[in-house]
Amino acid sequence: MTKSPVYLNEDAEIEVRVTDLANRLTLKEKFKLLTSHGYHRMYTTPPIRRLKIPSFKTTDGPLGAAMHSSGFKKNTRFPATISLAATWNRQLAHDVGVAMGEEVRALGRHVLLAPGINIDRTPLNGRTFEYYSEDPYLTKELAIPLVKGVQSQRITACLKHYAANNQETDRRSSSSEVDERTLHEIYLRAFRATVKEANPWAVMTAYNMINGVFGCEHKYLIRETLMNKWDFDGIVMTDWFASRGKNKTTENCIQAGLTLEMPWPSKYKYSSLQRGISEGRFTEELIDDLVRRNLRVMMRTGLFDSPDNLPKGSRNTEQHQLLARRVAEEGMVLLKNEKNALPLNISNIKRLSEHGPNLMKKFGGFLSGGSSAVNPPYEITPAQGIASKCKGRVRIFPFDSLADVAIVFAGLDHSRGKDSESRDRETLHLDEKQVEKIKWVASNHLRTIVCLIAGSPIAMDEWIDDVEAVLMCWYGGMEAGHAIANVLFGDVNPSGKLPITFPKRLEDSPAHSSGDPRNYPGDDEKRVYYDEGVFVGYRWFDEKNIEPLFPFGFGLSYTTFQLSNIQMDKSTIANINDSLSISIDVTNNGLISGAEVVQVYAHDIQSSVKRPPRELVGFEKIYLQPSESKTVSIKIRGDDLAFYDSSTHDWILESGSIKLLIGNSSRAILFEAEIMVNT
Ligand code: BGC
C-alpha cells in the first residue's frame, strides 16, 4: 500500500521522494530552503508547515555535539581530532563517528559539523587541534571511517573547511595562493578521497579565498570539482557568516553551487534571489538543483520518516565516556623516555610531586577553543586522574624535593591565541613562566616528567634536556585525567604516533622558512603564497634535510618491536585502480603488551615532476602480547601513489619504479622494496 503523498512514503526511492516534494514547492518555499532561520536559530533551517517539512538542524563539531548549538546540553567531550589522528586507528575513528552520530541523534539534530580535514600547513594555526594531520593520506584514512560511523546513524557528516583554510589570522579576508598541483595533491586530496569513499552528505566551504575567490563563491571548487568531478550530490553550506559582505554576490554563490547559506539569509534573501532570476542572472532550474540537494540530504537523515524507523541515539553513556578515554589513551605520544623513567611503578613510588598550569585545568566549556567547544557533564583533570590512581598508595605533594618523581603539566590553555579558533598562536614556545617552572622542577627532583597538554607542536629546546620523559597528551576530552594516569602508571602502554612534525624552531617549517609575510601570514593585500608547493609537513623537512625535534610518525612505547620478513604479493602495479599487498612480521620483544604502527612511505624514483622524498601510502596498527608475533598486511593502492598532473588536470600514475620505505616513523625506515608501475 503506498502512502500519499509520495515524499512521505518511506518505502519509495529517495530520488522519487525528492522529485515529488520539489514539484510541490512554490518558488518562495524553494528560496526558504536555501538558508537558515535567522538570528535566534542560527543552526537550523525554517520549517515549511504547509508541506510538513520540519526544521533541519545542525550542530558543531569535531569534538562531539557542542553546547552552544545543541540547546545548551552537556554532551560527551571526545579528545581533539589531532589526538584521534595520533591513534592511527581506523576502527577507533569509526567508533567515535558512531558515538558522535548517536549523540547528535539523541539531541534531535541532523547534521554534525565535522570532521575538519584541513591540512596542517603551519604549526601556529589556532585550529590545528581540530584537524587531523599535515598528511593527506593519514587524514583521509581516519576521516573516511569517521564519516561512515556518523552517517551509520543517519546523521549527516559535514567535511570542512573546503578548502585551503590553513590559518586563523585574517581567515575571513585572506587568499590562499596555491598552484593547481599543490591544491589537488595536498589540500584537496583528503576531501576527494573522503567524498569518493565515504560519501559525506555535506561540505562546508572556507571563509578564506582560494586564489582570489571566496570559498562560498568558488565555482571551480564547488561545481566543477566537488560536484562534477567527484560526483558529490549533497549539501554545500557556507561557514557561519562567510557570505556576508559587499565583496560577494548572490549570483556568484548560486552559480558556484552553494546550497545553504548560514546562519541567516544575506545573499540568499528572497528579494535578491527573485531579482537574480527575473534579471536572468541564474535560472530556476539552477535553484531547483540546489534545493534538491538539500532535500536529498534531509531524506537521507530520515527527516520525513517515522522516528520508529530511525536509530534512537544516546548521549553521555558510559560506553561513550569509555570510548573517549580509550582515544585519549591511544592518542598519547611518548616523545622521550630516558632511563625508562616511565612507566611509574606504583609499588615503588612513595611520594609524587605535581606541578604546572594544566594540572587542574578543565578544557571543556562554553565556546572554549571556539566553535568545537563541548561542555561535558564532568571532566577529569590530570590532578584528579592521578589522585584516584594513587589513592592510599602514593602521597602527592605540590612541591617535594624528596619525591620519587615530579610531573609537570605544561602546554597551552586553549584560549584565543593559544590553540583556539579565530586566532593563531604567536610562538611555538611555551611561555617563559612554564619554561622556568619545568627547569626549576627538574633541578629539584631526581626524575621529572613533562606532560604536554596542547593541540599543536611545541618547541622544547630550552628544557627538554633537563627532563627524563615527555608525554604528548593533546586535549584528551572528558576522561583525559584517567587516561593520562593510566599511561603514566603503565596500565596502558602508549602507542600514539605523531600526525604532525614537531619542528625544533618555527623557521624550520615550510610556511615560516622564508620569514617573509607573503608566505605567512600574508602580504599587504592578505595574499598568502604557498611557495613551498607540495612540500608541506615532513615532505619539507625531508626535502630540505632539516632535522625535526620529533618526526612525523614518531612515538615510543614501553616495549620494543621487531619488524622482519617483508613479502609482497606482487611487485608491479598496472594502473591507478590496481593495488598490491605488503606483509611484515612484527614481534613484541618486551615484557608487556603493546601496539606498533607499521608505516609505508613511497618514493617515486622515475618521475617527470619533482616529488617528495617520501609520502605515506599505507599503515597498519598491530596489538601484540609479550613475545607475540603477528603478520600484518598493508595494502598499497595505485591511487595513493599517483600525483596530480597540471597539464591534463588529472591524477596520473606514471610508469617506472617506486621505492617503498617501511618503518615505524617517517625517519626510521627499516626496509626498502622496489615496485614497478607498468601502465
Ligand atoms: C567555524 C565552523 C563552525 C561554524 C558554526 C565557524 O566559526 O569556522 O567550523 O562549524 O562556526 O559554529
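**Figure 1. Leu-591 is an exposed residue at 82% relative accessibility.** Here exposed means over 50% relative accessible area, buried under 20%, and partly exposed in between, with a 1.4 Å probe and protein chains only. The model is predicted: local features need pLDDT of at least 70, side-chain atom pairs count only at pLDDT 80 or more, and totals for chains, interfaces and linings use all residues. Residues are numbered from 1 along each chain as its sequence is written, and side-chain values use heavy atoms, with hydrogens and water left out. Leu-591 belongs to the loop that connects strand 18 (579-588) with strand 19 (594-604). Helices (H or I, at least four residues) and strands (E, at least two) are DSSP runs, numbered from the N terminus. Between the C-alpha atoms of Leu-591 and Pro-626 the distance is 5.0 Å, although 35 residues separate the two in sequence.

**Figure 2. The ligand is surrounded by 13 residues.** The closest are Tyr-43, Asp-60, His-161, Asp-239 and Glu-421. The side chain of His-161 places an N or O atom 2.7 Å from an oxygen atom of the ligand. For Glu-421, a polar side-chain atom is 2.8 Å from a ligand oxygen atom, and for Tyr-207 a side-chain N or O atom is 3.0 Å from one. Taken alone, the ligand exposes 310 Å², of which the protein buries 94%; these accessible areas come from the Shrake-Rupley method with a 1.4 Å probe.

**Figure 3. His-355 is buried, at 4% relative accessibility.** The residue is part of strand 10 (residues 351-355). Its side chain forms a polar contact of 2.8 Å with the side chain of Ser-353. A polar contact is a pair of N or O atoms within 3.5 Å; within protein, one must be able to donate a hydrogen and the other to accept it, and residues adjacent in sequence count only if both atoms are side-chain atoms. A polar atom of the His-355 side chain also lies 3.3 Å from the backbone oxygen of Pro-398.

**Figure 4. Helix 11 comprises residues 284-300.** With 1.5 Å a residue, its 17 residues should span 24 Å, and the end C-alpha atoms are 24 Å apart, which agrees. The expected span is 1.5 Å times one less than the number of residues. The helix is mostly covered, with 12 of the 17 residues buried. Among them are Leu-286, Ile-287, Leu-290 and Val-291, together with Arg-293, Arg-296 and Arg-300. Gly-302, just after the helix, adopts a positive phi of about 85°.

**Figure 5. Helix 4 comprises residues 90-106.** Helix 4 is mostly covered, 12 of its 17 residues being buried. The buried residues include Leu-92, Val-96, Met-100 and Val-104, as well as Glu-102, Glu-103 and Arg-105.

**Figure 6. Val-441 is buried, at 0% relative accessibility.** This valine is located in helix 14 (residues 432-444). Its C-alpha atom is separated by 9.5 Å from that of Asp-400, 41 residues away along the chain.

**Figure 7. Cis peptide bonds join Tyr-162 to Ala-163 and Tyr-520 to Pro-521.** For the bond between Tyr-162 and Ala-163, omega is about 5°. Ala-163 is placed in the loop between strand 3 (156-162) and strand 4 (175-177). In the bond from Tyr-520 to Pro-521, omega is near 0°. Pro-521 is placed in the loop between helix 15 (480-488) and strand 15 (527-529).

**Figure 8. Lys-52 and His-649 have positive phi angles.** Lys-52, which is not a glycine, has a phi of about 55°. This lysine lies in the loop between helix 2 (27-32) and strand 1 (58-60), and is exposed, with a relative accessible area of 59%. His-649, also not a glycine, has a phi of about 55°. The loop that holds His-649 runs between strand 22 (643-645) and strand 23 (650-652). At 40% relative accessibility, His-649 counts as partly exposed.

Conventions
A residue is near a molecule or strand if one of its heavy atoms lies within 4 Å of it.
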